[in-house]
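Let's take a walk through this protein, one neighbourhood at a time. Keep the picture open while you read.

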Amino acid sequence: MSTRSRSVGSPDATRAVDWEQRIDFPRLRSARVNRARAALETSNLGALLLFDPNNIRYVTSTHIGEWARDKNARFVLLPRNADPILWDFGSAARHHQLFAPWLPPENFRAGVAPMRGAMSIETGVPDRLGARIAHELREFDLEGEPLGVDMADLLTIEALQRAGVHVTDGSQVMLEARKIKTALEIALLDQSAGLVDAVYEEIYRMLRPGVYEHEIVARAHQLLFEMGSEQVEAVNAVSGDRCNPHPHVFSDRLLRPGDQAFFDIIHSFMGYRTCYYRTFNIGGVSPSQLDAYKQCREWLDAAIALVRPSMTTDKIAEVWPTADELGFPDEETCFGLQFGHGIGVGLYESPMISRVHSLEHPVELEEGMVFALETYCAATDGRSAARIEEEVVVTATGCDVITRFPAEELLVAGRSYVRGADLVKRGDEAQHDGAPGLADTVASSAVVEPAGVSR
């Protein structure tokens, strides 16, 4: 692994101070909108109309919390050679006029969107939006130019078409802009992963028989928000019989001795996300569980070893097992079990890596890409499975792994049992050798761990 040059003082500090440069947010804002402009300039589009909250944040450096994530209530027009214009939800526009000075105040406007169809044609809202965008395109002398839209409901698309706007896909332009991360973005992704490092330390301490999966999920949410997370998109907790097949959702299952359990933590810090799996065992481990973990780690390490500039994603996908080897009829059926995906302000960015598409449509890795690699291996016991994921930064000479909670070996949590045989043996020694009494023996008895397992 290579070492990145540092761009901020006191890495992993989350507050601004007057005595050293940390995250330079004005520079971050400027770099992002300029990358979006550059990607738009090289496309055949006249402007972008953005509803995706990740794209809105990328070009305007504004957000109004998790509430807005699934509403399609805010939208941004980014014309060629002009500042973005944001139509916001009610009074949020006034707030940004006052406290977001990096854009002209007149570019923050109140506006109502169809909000995924909740505002029907009869309300007049869709056609007002269409007329508004058509007017702005004429003002920027872009009438007749294609308008790229990242995501919208059909009411919005049809309203734009009725207004005479030529609508086409704009998502690829924004994904191109977001593909290569700046040093400041990498620093924020690193900090975001650092919060999850701490959560896994807490999860390791919590894991024991009698704890529910949803308790762990609740505590992870609490700790993330206490440390400064803005949004917890998902915490997966999967244990015992639920590990195989992978259900991709947590439950109210009670943890039991000998369970294998894996977790995925997806959250956002300063807009930058994580996707970060770890696997543990509770109280003990079987040979089949240990073998599954070792195989899962080998597949992951083989992929990480290939990460460097000019490497192509088909080569990474090739080191992963086929669907048939995993016991599935085709690659789509086991999609996501051996998987890679770019990560940034969105959970899924370029490059995307899988055996479904990468073998036929490879993408070349570039310095500054950041993506997650995740592998899965079912145990031969038919119920357990291991799942591990690392986030990697492509450097000039290789890659850096920014997910730091230990995962080289399977960790066993909740092991606090003392064997009676140990007490009897040590008690006999105490009688013959004047060793410490029974109470001292209980306190000092060693816990015997299965071979090959780290604790």
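## Helix 2, wrapped up

The buried residues of helix 2 are P53, N54, N55, I56, R57, Y58, V59 and T60. "Buried" here means under 20% relative accessible area, while exposed means over 50% and partly exposed is in between, using a 1.4 Å probe and protein chains only. Helix 2 spans residues 53–60, and eight of its eight residues are buried. As for the elements themselves, helices (H or I, at least four residues) and strands (E, at least two) are DSSP runs, numbered from the N terminus.

Now look at the two ends of helix 2. At its start, a side-chain oxygen of D52 comes to within 2.9 Å of the backbone nitrogen of N54. Just after helix 2, S61 has a positive phi of about 55°.

## What you're looking at

This is a predicted model, in which local features need pLDDT of at least 70 and side-chain atom pairs count only at pLDDT 80 or more, while totals for chains, interfaces and linings use all residues. Residues are numbered from 1 along each chain as its sequence is written, and side-chain values use heavy atoms, with hydrogens and water left out.

The protein chain has 12 helices and 16 strands. Its C-alpha atoms fill a box of roughly 95 × 50 × 50 Å along the principal axes. Of the 455 residues in the chain, 52% are buried. Contact means heavy atoms within 4.5 Å. Among contacts with a separation of 6 or more, 68% are between residues 24 or more positions apart.

## Empty spaces inside

How do you find a hole in a protein? Rolling a probe the size of a water molecule over the atoms shows where empty space is left. Here a cavity is a set of points, on a 1 Å grid over the protein atoms alone, where a 1.4 Å probe fits but cannot get out; lining residues have an atom within 4 Å of a point. Grid points are joined across faces, edges and corners, and a volume is the space filled by probe spheres set on the points. How many cavities of 30 Å³ or more are there? By this rule, the count is three.

The largest cavity holds about 190 Å³ of space. It is lined by 17 residues, and the closest to its centre are R57, H63, G65, R69 and R273. Helix 2 turns up again here, giving the largest share of the lining with three residues. The lining divides into four nonpolar, seven polar and six charged residues. In this sorting, Ala, Val, Leu, Ile, Met, Phe, Trp, Tyr, Cys and Pro are nonpolar, Asp, Glu, Lys and Arg are charged, and the others, Gly among them, are polar. The second largest cavity has a volume of about 70 Å³. Its lining includes P321, F335 and R355, and divides into six nonpolar, three polar and two charged residues.

Which residues of strand 1 are buried on each side? Strand 1 (residues 47–50) has A47 and L49 buried on one side, and L48 and L50 on the other. Two strands pair if DSSP finds at least two bridges between them. Strand 1 pairs with strand 5 (residues 147–149) in the parallel sense over three bridges, and L48 has G148 as its bridge partner there.

After helix 5 comes G164, whose phi is positive, near 85°.

E390 is found in strand 14 (residues 385–394). E390 counts as buried because its relative accessibility is 3%. Its side chain makes a polar contact of 3.1 Å with that of R297. A polar contact is a pair of N or O atoms within 3.5 Å; within protein, one must be able to donate a hydrogen and the other to accept it, and residues adjacent in sequence count only if both atoms are side-chain atoms. Beyond its neighbours within four places in sequence, E390 touches residues including R278, F371 and T403.

K179 sits in the loop between helix 6 (171–178) and helix 7 (183–206). Is K179 buried or exposed? K179 counts as buried because its relative accessibility is 13%. The side chains of K179 and E366 are joined by a polar contact of 3.0 Å. Setting aside neighbours within four places in sequence, K179 is in contact with S350, E366, G368 and M369.

Key
On a 1 Å grid over the protein atoms alone, a cavity is a set of points where a 1.4 Å probe fits but cannot get out, and a pocket is an open set with protein on both sides within 12 Å along at least five of seven lines; lining residues have an atom within 4 Å of a point.
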